[in-house]
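Let's take a walk through this structure together. Have the viewer open, and turn the model as you read.

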Amino acid sequence: MKRRQFLTVSAATVGGALVYTLDRRPYVVSAQDKPVRVPLRFFTEAEALDVAAAAARILPNDEAGPGANEAGVVIYIDRQLAGPYGRDRYRYTQGPFENGIPEQGYQGKATPREIYREGVRKIAGIAKLAAAEQDATLKQIETTSFFTLVKTHTIEGMFCDPMHGGNIDMIGWQLIGFPGPRMTYFEEVDSHYGNPFRPKPQSLRQIVGRPVKASEDEA
Amino acid sequence: MKTLPAVDAVIVGGGWTGLLMAQQLASRTSMSVVVLERGAPRKTSDYLDNMDELDYAIRLRMMQDISKETVTFRHSERDRALPVRQYGSFLPGAGVGGAGEHWSGISYRYVPDSFDLLTKTKEKYGAKRLPEDHAIQDWGVSYAALEPHYTRTERLMGISGKAGNLNGKLIEGGNIYEGPRSEEYPTPPMKMPYLAALFRDATKSLGYHPYPLPAATTSQPYTNPDGVSRAGCSYCGYCERYGCMIGAKSQPTNTLMPLLAKRKNFTLRPGCWVKRVTVEDGQARAVTYIDAAGEEVFQPAGIVFLASWTLNNTRLLMLSKVADPHKNLGRNLTHQISIPAATVFMEKPLNRFIGAGSAGIAMNDFDADVFDHSNVPFLRGGHIYTVCYGFRPMANFGVMPPSQKAAWGSAWKKAALDAYDRTGRISFYGEHLSYKGNVMDLDPVYKDAQGDPLLRLTLDWRDNERNMAKFMAEKATGIARAMGAREVTPFPGLKSYDATRYQSTHIQGGAIMGASPESSVVNSYLQHWHANNLFVIGSSAFPQNPSGNPTLTAMALTYRAADAIVERYVKRPGSLV
Ligand SMILES: Cc1cc2nc3c(=O)[nH]c(=O)nc-3n(C[C@H](O)[C@H](O)[C@H](O)COP(=O)(O)OP(=O)(O)OC[C@H]3O[C@@H](n4cnc5c(N)ncnc54)[C@H](O)[C@@H]3O)c2cc1C
Ligand code: SF4
């Protein structure tokens with residue numbers, strides 16, 4: 001049997017950081033303060049570290065606020081790849097596979113899992129490089145479909161509901177002032193014209209009061 | 001194969017049109033009515049759990065399972081069609097309520113002259129102005145004949161809005177370019193989020209005529225004439241692509257199912273995938289389907305209705321080899337033009353997570369033929385609007401103003417954060433004319449999960465659409481400036497049809513209606529010309545695509561057909577025209 005792989009996410013760095021916010025006022029973002037050891041579902045630990053490093057250069061932790069690592073983006077990506085999305089449950093995958101024109105959309109045979117396995121090989125070891133070298137490595141693959149996927153998934157992992165593994169402690173939502181799911185804005189819809197309205201975010205689980213089944217946990 | 005006892009009526013598809021037909025037949029007659037829906041059952045209480053962008057707006061949990069069936073697509077008959085492998089330009093619904101569960105609810109009537117488009121355009125501009133390979137034709141029904149059914153539909157759904165033409169009297173603040181309506185909207189307009197208010201004020205200052213979008217996301221609690229009550233909208237923003245968790249958005253499950261559930265002569269069979277209609281000697285006899293357990297079932301019926309949406313209706317007629325002596329089946333494929341005419345970057349935050357599928361403002365000063373087309377390089381037009389349906393962070397983070405070039409890294413992140421809640425869209429919905437080259441047929445190569453050929457779409461834009469889009473993007477850019485946008489990205493232009501860019505799920509044609517069997521598949525009662533007990537309902541019947549969204553018109557046509565069936569056909573079966 002395959003040895004269980006874990007990833008340790010250290011996220012103590014961001015608690016209390018001042019970030020640049022939408023209303024251009026200093027704003028304190030809270031985050032989990034203990035490192036978390038997360039069992040991996042798809043990546044090996046080395047792969048996870050490399051993908052995490054790439055995601056953190058796309059959305060870095062900087063003076064504008066926390067980034068991909070603090071939000072646990074790689075955990076999100078790992079679960080997506082392990083689940084139905086990763087094996088192309090949401091695509092028509094019957095052949096023949098032919099090259100098309102861009103307006104016909106992606107026609108490849110490779111699943112997201114395969115694109116990642118192949119792509120991570122090309123940036124293997126990136127986690128150990130200094131930031132400038134990491135950027136140089138990513139520059140070389142900037143136009144590949146792998147990079148496009150990593151960028152898309154980084155945004156998704158930053159701003160998804162925390163039940164999907166990313167956006168830990170709703171750190172991404174705090175960064176953009178998004179409240180997450182909410183039952184009503186009836187009073188607020190027309191009473192904040194021109195002013196930021198930034199209620200404290202809540203996750204779907206907090207709103208419904210029980211766990212909700214995520215697509216990555218389906219067959 | 002299992003054969004079931006015959007029923008009076010079988011309806012294929014449990015979306016807006018199928019369930020409306022079922023409700024009319026089951027409550028106004030004693031007929032036994034069976035609805036076969038290939039998706040799962042649904043109800044309002046399911047929808048609290050769906051306030052999740054990833055699973056619903058990106059993984060598209062409520063849509064037809066694309067791994068089992070899709071369409072193939074090419075630009076012209078010279079090209080090779082390939083499957084649309086992941087959803088892009090449209091999103092077919094599946095499950096009880098169909099796409100009506102996760103629609104936006106923008107509820108337009110079509111303007112009167114769109115029903116006689118060929119006649120009116122020739123009269124005014126001469127046949128020479130019609131595009132070379134056009135396939136434009138009149139509908140065989142007039143706005144006046146549909147008006148009472150539009151009113152019924154608005155009352156059924158509790159549409160919120162403001163009349164602009166009440167029995168011929170023009171009313172400031174409503175859409176003064178609409179056709180005359182016999183009644184005011186049943187509920188007052190929606191409240192306006194900030195971006196929509198900015199758009200309203202800017203268009204007014206430019207001398208245009210803005211009005212609140214007609215909305216099925218009802219603005220206040222409402223009880224319809226059938227006695228069905230629904231809550232008012234709370235602007236939660238989980239609306240387009242989601243079902244409404246409080247039942248404020250009118251959906252088949254909260255508007256029609258409460259009535260149907262009480263009818264003993266009505267049966268809903270979810271999980272049933274219809275494969276064929278049997279037509280013999282000019283009469284539909286039965287449908288064949290695979291049931292939820294995977295068994296093949298033969299269901300004989302007195303009347304068969306196809307209500308499985310544009311593409312499925314067309315495909316089922318083709319797979320079933322229903323008579324088509326004049327080669328009308330599959331033609332006049334259209335897809336409403338839908339573009340982000342201008343993306344605006346504002347100075348102040350917009351709180352764009354607040355909104356509803358149809359909370360917004362539109363202006364029709366460039367719609368249809370309300371302005372003179374003698375000196376513009378296109379016919380017809382559409383509406384310029386802004387809708388605040390609830391800004392989704394994953395879909396919108398990283399939309400950059402033109403001055404920002406970074407694509408990732410710190411500079412990108414900073415600019416994206418700055419732009420995030422200041423970004424808005426001025427959109428355009430436009431008329432799509434029909435052309436001889438834009439058609440559907442069965443794909444010779446690719447198959448669905450049952451082994452049946454996929455539907456093949458041959459579809460591309462012509463200069464009429466390209467020139468119209470360019471004109472509207474310029475107008476929208478002017479509005480953006482008047483709104484005080486600090487930067488604007490105008491729509492770069494329509495080139496060739498792009499199956500990867502979401503447009504709208506407003507695809508029409510394939511089994512078009514008309515005045516004669518030589519030029520259409522169904523008559524104005526949606527009755528098949530060559531099998532009078534086969535009705536093909538929904539926007540597959542539209543000969544071309546007027547600028548507005550289709551559902552209200554599809555519903556009005558369904559009501560009109562239901563009246564004719566209940567009042568005439570059941571007493572004396574035969575052609576209704
Ligand atoms: C995201 C989105 C937003 C929209 N917004 C708007 C809007 O703002 N305004 C507007 O007017 N319209 C809008 N629409 C379009 C609107 O939803 C449709 O026009 C309307 O729902 C069509 O109703 P219908 O009954 O014809 O088909 P549908 O609602 O699509 O129902 C057809 C049903 O048939 C079933 N079916 C298909 N094939 C088979 C088969 N072989 N056997 C058994 N069952 C089958 C499907 O599962 C489906 O449930 C939107 C659509 C989408 C997806
Ligand atoms: S925005 Fe309104 S109508 Fe839409 S889902 Fe939310 S409450 Fe329902």
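The paragraphs below go from a whole chain to a single residue and then to a ligand site. Keep in mind throughout that this is a predicted model.

Start with chain A, which holds eight helices and four strands. If you trace chain A from the N terminus, its elements run β-β-β-β-α-α-α-α-α-α-α-α. Of the 219 residues in chain A, 51% are buried. Chain A exposes about 10200 Å², and carbon and sulfur atoms supply 53% of that area.

Now move to chain B and find Leu156(B), which sits in helix 4, residues 143-157. Is Leu156(B) buried or exposed? Its relative accessibility is 2%, and because buried means under 20%, Leu156(B) counts as buried. Setting aside neighbours within four places in sequence, Leu156(B) touches residues from several parts of the chain B numbering, including Leu20(B), Tyr222(B), Arg230(B), Leu256(B), Met555(B) and Tyr559(B). For a sense of scale, pick out Tyr435(B), 279 residues away along the chain: its C-alpha atom and that of Leu156(B) are separated by 35 Å.

Finally, turn to ligand 2. Which of the 14 residues around ligand 2 come nearest? They are Cys233(B), Cys236(B), Tyr238(B), Cys239(B) and Cys244(B). Sorted by class, the shell around ligand 2 has nine nonpolar, four polar and one charged residues.

How values were computed. Residues are numbered from 1 along each chain as its sequence is written. Chains are lettered from A and ligands numbered from 1 in the order in which they are written. This is a predicted model: local features need pLDDT of at least 70, side-chain atom pairs count only at pLDDT 80 or more; totals for chains, interfaces and linings use all residues. Side-chain values use heavy atoms; hydrogens and water are left out. A residue is near a molecule or strand if one of its heavy atoms lies within 4 Å of it. Ala, Val, Leu, Ile, Met, Phe, Trp, Tyr, Cys and Pro count as nonpolar, Asp, Glu, Lys and Arg as charged, and the others, Gly among them, as polar. Helices (H or I, at least four residues) and strands (E, at least two) are DSSP runs, numbered from the N terminus. Buried means under 20% relative accessible area, exposed over 50%, partly exposed in between (1.4 Å probe, protein chains only). Contact means heavy atoms within 4.5 Å. Accessible areas come from the Shrake-Rupley method with a 1.4 Å probe; for residues, only the protein chains shown count as cover.
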